[in-house]
Structures are given as structure tokens and as C-alpha cells.
Amino acid sequence: MKTFTPKPADLTHDWYIIDATDIVLGRLASQAAILLRGKNKPTYAPHADSGNHVIIINADKIALTGNKMGKELYAHSGRPGGLRRDSYAELLAHKPERIIQAAIKGMLPKNRLSKVQLDRLHIFRGAEHLHTAQKPQVFEITQVSQQAK
């Protein structure tokens, strides 16, 4: 039996939409990372770009567990004095897209493919999004936050 290696003509990039209302950040990030890498497909290969487009709506309604509201998210621009420090409480109010993107980026591999796969992530604060023409499939995450019940 020969090992199957996907060719570029075999790769498709499907569109999925995830509603982030009352879903714990880690669960959302892990499922989105699986879809972005294409691990849900039978033609998955770690070296091939078989990832999907993922649209996340209602980013401002995610659930943060534990003491994350007191913690901070760090980013550095690479320039001297470029350390940026924002609390999760501030980011949830003003820029919740950055929380989700940082969590998903941490779950992707640290190589050249991760930039390409992360570019296929589309995060929107409200229920409206710009990609209705692509007819995304709804991806359901069934387990919601215990605090939301």
C-alpha cells in the first residue's frame, strides 16, 4: 500500500462559520485551529496547505473561565520599547478579536504554514459578516460555558 500525498489540485479550502456565543475561549480556539489546519479532512497532510476558511461571529460574547479577566495579553512589535500589555477585560470590551486570534495563533504550528493558515481566519464582533457569498457551513460547538447556563 502506498502513502497518499495530496497534490495542489486535490486541496480544497471550504468555508465554515462558528458562533462564539457563550463558548469557552480554549474550546473555540482548538476547534478553529483544527479547521484552519484541515485536520478534519481525510486528505490531511502536515506539510500541505489543506486548511479551511473559518469565520467566527459574536466574538464579543465569548466566555472566559478562571481568572482571565485579571490577566494580561502581551505583544511585542520587535522595536525597542515595543512591549504592549492589555488586560483581557479591556480587550473584551474594545477588541475581542485580538483575544481569539492570539489563542488560535498559539495552537497553530510555528512554521511558514501558520501565517497562511491564520490569514484564513475571519473574526467579527457582531452577528454580521462579509462572507455570505461563499456560503459557509455552520460548525457547531455543542459544549457551552458552565457559567452561561
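Predicted model: local features only at pLDDT ≥ 70, side-chain atom pairs only at ≥ 80, totals over all residues.
A polar contact, as I use the term today, is a pair of N or O atoms within 3.5 Å, where, within protein, one must be able to donate a hydrogen and the other to accept it.

Overall layout to begin with. The protein chain has four helices and six strands, and from the N terminus on they run β-α-β-β-β-α-α-α-β-β. The C-alpha atoms fill a box of roughly 55 × 45 × 30 Å along the principal axes. Of the 149 residues, 42% count as buried. If you take contacts between residues at least 6 apart in sequence, 69% of them join residues at least 24 apart. The accessible surface is about 9200 Å², and 53% of that belongs to carbon and sulfur atoms.

Next, the sheet. Four strands form an open sheet in the order E5-E2-E1-E6, with parallel pairing. E5 and E6, the latter being residues 137-138, are the edge strands, each pairing on one side only. Two bridges join E1 to E6, and tyrosine 16 stands opposite glutamine 137 in E6. Helix H1 packs on the sheet and touches E1, E2 and E5; its direction makes about 155° with that of E2. Helix H3 also packs on the sheet, touching E2 and E5, and its direction makes about 155° with that of E5.

Now the core. The largest nonpolar core has 28 residues, and those with the most contacts inside it are Leu28, Ile56, Ile62, Ile100 and Ile104. Elements giving two or more residues to this core include E1 (15-19), H1 (25-37), E2 (53-57) and H3 (96-107). H1 gives the most, seven residues. Leaving aside neighbours within four places in sequence, leucine 28 is in contact with Ile18, Ala20, Ile23, Ile56, Ile62, Ile100 and Ile141. Apart from this core lies another, of five residues, among them Trp15, Ile17, Ile57 and Phe124.

Back to the aspartate. Aspartate 49 lies in the loop between H1 and E2. Is aspartate 49 buried or exposed? Its relative accessibility is 17%, and buried means under 20%, so aspartate 49 counts as buried. Which side chain does aspartate 49 join through a polar contact? The partner is arginine 120, at 3.0 Å, which falls within the 3.5 Å cut-off I opened with. Not counting residues up to four places away in sequence, aspartate 49 touches Leu11, His13, Leu113, Val116, Gln117 and Arg120.

That is what I have.

Notes. Residues numbered from 1 in each chain as written. Heavy atoms only, no water. Core = buried A, V, L, I, M, F, W, Y, C linked by side-chain atoms within 4.5 Å. Buried < 20%, exposed > 50% of the residue type's maximum accessible area, 1.4 Å probe, protein only. Contact = heavy atoms within 4.5 Å. Pairing = 2+ DSSP bridges. Axes fitted to C-alpha atoms, helices over the stretch in contact; angles between N-to-C directions. Areas by Shrake-Rupley, 256 points an atom, 1.4 Å probe, with all protein chains shown as cover.
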